Amino acid sequence: MATLQLLAENLGVTLVCFLILWRIGVAIRDVTFVDSWWAFGMVVLAWASFFETGPASPRKLVLVALCTAWGLRLGTYLLLRWRGHGPDRRYKTMLGKAEAERGWGFAKASLLLVFALQAPLQFVVCLPVQLGQLDPAPAMLGPLGWAGAGFALIGLIFESVGDWQLSRFKADPTNQGKVMDRGLWRYTRHPNYFGDACLWWGLWLIAAETRAGLWALPGPILITFLLTRFSGVPTVEGRMRRSRPDYEAYVRRTSGFIPWPPKRLVAEP
């Protein structure tokens, strides 16, 4: 299968899924569930590529297995969070502002500001899993591929443990208004985002052993940018600075992204 044919078919799958979800979002007037589809949709693209690119191979199986494990875990976590906490105030604020300042209705605002934005981003981030399955040779993983698989597995575990620790922390009423600085959160302010980035760089390393590897490079670059500069770290830290008085001290002693032992802060005289 030609590269352009694979990408065209998968882009069609992406657009159809997002259009269906947009109509659901309009019907219930809530788009928060799109966060879970960010992960579930990657799984759909992984399996679509698997069936579109011919016989199974060790490389294809590793890429699909890792993406599926990541996507089902994260997607379920985000879906349950939505069901437990209701609409995300970020989306409510953004769509309400579009309605008040631009005169857009919910349908137009949600389509242009949420679904039309996330669809191409999801498609590009998932390039390593799509293109890494295209080239039949080499079918076996080499040293770079095995290193990538290990890196991705570490990222998956790191992200999963970070989310689990944060969920347990939030579930304890005595932690209301406190800053989570235990477990993995002692070494990085964003273990979930760091693990996410590791996984996608690992998947790219697996794809990099194929001829399509270079074309998949925008995927991990984009997800790293999104997590560290756009919708990840900046959004969370802005909210935490406004709502947690102790967060500034946490920022001064804790690494922003890459895990590192915390600094010892010297008390001011």
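In the predicted model, cysteine 126 has a relative accessible area of 0% and is buried. Cysteine 67, likewise at 0% relative accessibility, counts as buried. Neither residue takes part in a disulfide: the sulfur of cysteine 67 is the nearest cysteine sulfur to that of cysteine 126, at 4.9 Å, and a disulfide requires the two sulfur atoms to lie within 2.5 Å. The structure holds zero disulfides.

Nine salt bridges were counted. In one of them, arginine 59 pairs with glutamate 209, with 3.1 Å between the closest N and O atoms. This pair links distant parts of the chain, as arginine 59 belongs to helix 3 (residues 58-85) and glutamate 209 to the loop between helix 8 (191-207) and helix 9 (218-230), 150 residues apart. Arginine 59 is buried, at 1% relative accessibility.

Helix 3 also contributes arginine 73, which is joined to aspartate 163 of helix 7 (residues 143-171) across 90 residues of sequence. Aspartate 163 is buried at 4% relative accessibility, whereas arginine 73, at 21%, is partly exposed.

A further salt bridge is formed by arginine 253 and aspartate 181, whose closest N and O atoms are 2.8 Å apart. Because arginine 253 lies in helix 11 (residues 247-253) and aspartate 181 in the loop between helix 7 and helix 8, the pair ties together parts that are 72 residues apart in sequence. Both residues are partly exposed, arginine 253 with a relative accessible area of 24% and aspartate 181 with one of 28%.

Definitions and conventions: Residues numbered from 1 in each chain as written. Predicted model: local features only at pLDDT ≥ 70, side-chain atom pairs only at ≥ 80, totals over all residues. Heavy atoms only, no water. Buried < 20%, exposed > 50% of the residue type's maximum accessible area, 1.4 Å probe, protein only. Salt bridge = Lys/Arg side-chain N within 4 Å of Asp/Glu carboxyl O. Helix = DSSP H or I, 4+ residues; strand = E, 2+ residues; numbered from the N terminus.
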